[in-house]
Amino acid sequence: MRNLLLFLLILIGVYYLRRLLTGDRSEGAAPGQAPPDVAPPREAELVLPCAQCGLLVPASEGVEAQGLFFCSPEHQRLGPTRQ
Ligand SMILES: [Zn+2]
């Protein structure tokens, strides 16, 4: 009877020890789920050609005037090239 109790205690101890160890192990492997160094996917930005030189520039970095897109205020001043 005493051996049975000891056996049960050992079983319970092993169970909690394994739970503790697997818990630590899963936490060690879990960072792959949400690694802090991986940035969230950025929104694709529209890239437009300059009406003066044809350079492809992100829409947020260029200048838009009279329905035309320019890479810089300088090219906006020069105006569109005629094709
Ligand atoms: Zn330009």
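Is Cys50 buried or exposed at 5% relative accessibility? Cys50 counts as buried, where buried means under 20% relative accessible area, exposed means over 50%, and partly exposed lies in between (1.4 Å probe, protein chains only). The structure is a predicted model, in which local features need pLDDT of at least 70 and side-chain atom pairs count only at pLDDT 80 or more, while totals for chains, interfaces and linings use all residues. Residues are numbered from 1 along each chain as its sequence is written, and side-chain values use heavy atoms, with hydrogens and water left out.

**Overall layout**

- The protein chain contains 2 helices and 4 strands; helices (H or I, at least four residues) and strands (E, at least two) are DSSP runs, numbered from the N terminus.
- Read from the N terminus on, the order of elements is α-β-β-β-β-α.
- The protein chain has 83 residues, of which 12% count as buried.
- Among contacts (heavy atoms within 4.5 Å) in the protein chain between residues at least 6 apart in sequence, 13% join residues at least 24 apart.

**Cysteines**

- A search of the whole structure for disulfides (pairs of cysteine sulfur atoms within 2.5 Å) finds 0.
- Cys50 sits in the loop between strand S1 (47-49) and strand S2 (56-58).
- Apart from neighbours within four places in sequence, Cys50 is in contact with Leu55, Phe69, Phe70, Cys71 and His75.
- Cys50 and Ser72 are 22 residues apart in sequence, and their C-alpha atoms are 8.4 Å apart in space.
- Cys53 has a relative accessible area of 42%, so Cys53 is partly exposed.

- His75 belongs to helix H2 and counts as buried at 17% relative accessibility.
- Leaving out neighbours within four places in sequence, His75 is in contact with Cys50, Gln52, Cys53 and Phe70.
- Ala65 is part of strand S3 (residues 63-65) and counts as buried at 11% relative accessibility.
- Ala65 touches Phe70 and Gln76, when residues up to four places away in sequence are not counted.
- Ala65 and Gly79 are 14 residues apart along the chain, with 9.4 Å between their C-alpha atoms.

**Salt bridge**

- Side chains of opposite charge can pair when their charged atoms come close.
- The whole structure has 1 salt bridge, defined as a side-chain nitrogen of Lys or Arg within 4 Å of a carboxyl oxygen of Asp or Glu.
- Glu74 forms a salt bridge with Arg77, and their closest N and O atoms are 2.8 Å apart.
- Both Glu74 and Arg77 lie in helix H2 (residues 73-78), 3 residues apart, which is about one turn of the helix.
- Glu74 is partly exposed at 41% relative accessibility, whereas Arg77 is exposed at 60%.

**Aromatic pair**

- A pair of aromatic rings is described by the distance of the centres and the angle of the planes.
- The structure holds 1 aromatic pair.
- The ring centres of Tyr15 and Tyr16 are 5.3 Å apart and the planes stand at 75°, so the pair is edge-to-face.
- Rings of Phe, Tyr and Trp (its six-membered ring) pair if their centres lie within 6.5 Å; planes under 30 degrees apart count as stacked, over 60 as edge-to-face and the rest as tilted.
- Tyr15 has a relative accessible area of 47% and is partly exposed.

**Nonpolar surface patch**

- Met1, Leu4, Phe7, Leu8 and Leu11 make up a nonpolar patch on the surface, with about 570 Å² of accessible area together.
- Patches are made of residues with over 30% relative accessible area and no salt bridge, with like charges joined within 9 Å and nonpolar side chains (Val, Leu, Ile, Met, Phe, Trp, Tyr) within 5 Å.
- Met1 lies in the segment before helix H1 (2-29) and is exposed, with a relative accessible area of 78%.

**A positive phi**

- Most residues other than glycine have a negative phi.
- Gln66, which is not glycine, has a positive phi near 50°.
- Gln66 lies in the loop between S3 and strand S4 (68-70) and is exposed, with a relative accessible area of 80%.

How values were computed
Accessible areas come from the Shrake-Rupley method with a 1.4 Å probe; for residues, only the protein chains shown count as cover.
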